[in-house]
Amino acid sequence: MLMIELRGPRVLLRSGKKGEAPRLLEILSEPAVATRWGNFSLEDAETQFVETDDALIVLVVELDGEVIGAIQFGEENDPQYRHANIDLFLTTSRHGQGLGTESIRVLARYLFEERGHHRLSIDPAVDNVAAIRAYEAVGFRPVGVMRKYEQGPDGRWHDGLLMDMLVEDFEDPVAK
Ligand SMILES: CC(C)(COP(=O)(O)OP(=O)(O)OC[C@H]1O[C@@H](n2cnc3c(N)ncnc32)[C@H](O)[C@@H]1OP(=O)(O)O)[C@@H](O)C(=O)NCCC(=O)NCCS
């Protein structure tokens with residue numbers, strides 16, 4: 001399994017450890033997170049976030065030694081279509097403090113610089129204003145609306161906004 005550790009000014013993104021699934025489940029169960037990520041059992045949280053395979057790589061987001069969320073990426077490795085997609089969640093008490101923006105920026109830098117991607121994509125729900133704003137701050141641009149793209153915990157199909165960012169769009173303060 002690939003072990004990764006990426007540092008930002010405040011957050012540390014690192015591979016999850018055994019025993020961290022209950023904390024991630026606690027965060028996933030918060031209403032503001034569950035409404036976006038759906039419902040998980042402890043077993044789901046263990047397989048999806050801690051004992052992951054290399055198809056989907058999940059990193060926990062740590063702040064001052066505390067796990068505050070997770071960020072993941074998947075890679076399309078067909079050379080004709082190569083790109084990576086990203087998704088994340090943070091605990092509600094840490095929303096709106098710029099930590100999501102920072103986590104995406106740190107992961108985007110790694111995907112461009114270390115893994116050689118030229119394009120990243122992300123697909124928030126069209127009404128997820130905070131997520132869209134955070135992604136735009138890093139350099140993602142809207143591509144278009146994917147209609148009835150994702151089934152929510154309410155059982156209804158919701159529209160998703162496909163966004164992408166090319167390496168030349170990346171707003172990276174470290175590189176400036
Ligand atoms: C989406 C998420 C990762 C963003 O992380 P965050 O740390 O809260 O976001 P940031 O503080 O970096 O940025 C949020 C931006 O949205 C703005 N914002 C927040 N709520 C808003 C609202 N209701 N309307 C308009 N803007 C809003 C903030 O002011 C900030 O913009 P600014 O930096 O220009 O002021 C986080 O809120 C989260 O985990 N949400 C629940 C799960 C989720 O939605 N995951 C994403 C699935 S695609």
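So, the shell around the ligand: its residues split into 12 nonpolar, seven polar and three charged. Here Ala, Val, Leu, Ile, Met, Phe, Trp, Tyr, Cys and Pro count as nonpolar, Asp, Glu, Lys and Arg as charged, and the others, Gly among them, as polar. Bear in mind that this is a predicted model, where local features need pLDDT of at least 70, side-chain atom pairs need 80 or more, and totals for chains, interfaces and linings use all residues. Numbering runs from 1 along each chain as its sequence is written, and side-chain values use heavy atoms, with hydrogens and water left out.

Of the 22 residues around the ligand, the ones that come nearest are L90, G98, G100, T101 and N128; near means a heavy atom within 4 Å. Which element gives the largest share of the shell? That's α5, with six residues. Along with α5 (129-138), α2 (31-37), β5 (83-90) and α4 (99-113) each supply at least two. Those labels are DSSP runs numbered from the N terminus: helices are H or I, at least four residues, and strands are E, at least two.

Now the polar side. A ligand oxygen sits 2.7 Å from a polar backbone atom of G100, and one is 3.3 Å from a polar backbone atom of Q97. For H95 it's the side chain, with an N or O atom 3.2 Å from a ligand oxygen. Taken alone, the ligand exposes 950 Å², and the protein buries 70% of that (Shrake-Rupley areas, 1.4 Å probe).

Last stop: β7 (141-151) and β8 (157-166) run antiparallel, joined by seven bridges; pairing takes at least two DSSP bridges. M146 stands opposite G160 in β8.

Notes: Polar contact = N/O pair within 3.5 Å; in protein donor to acceptor, adjacent residues only side chain to side chain.
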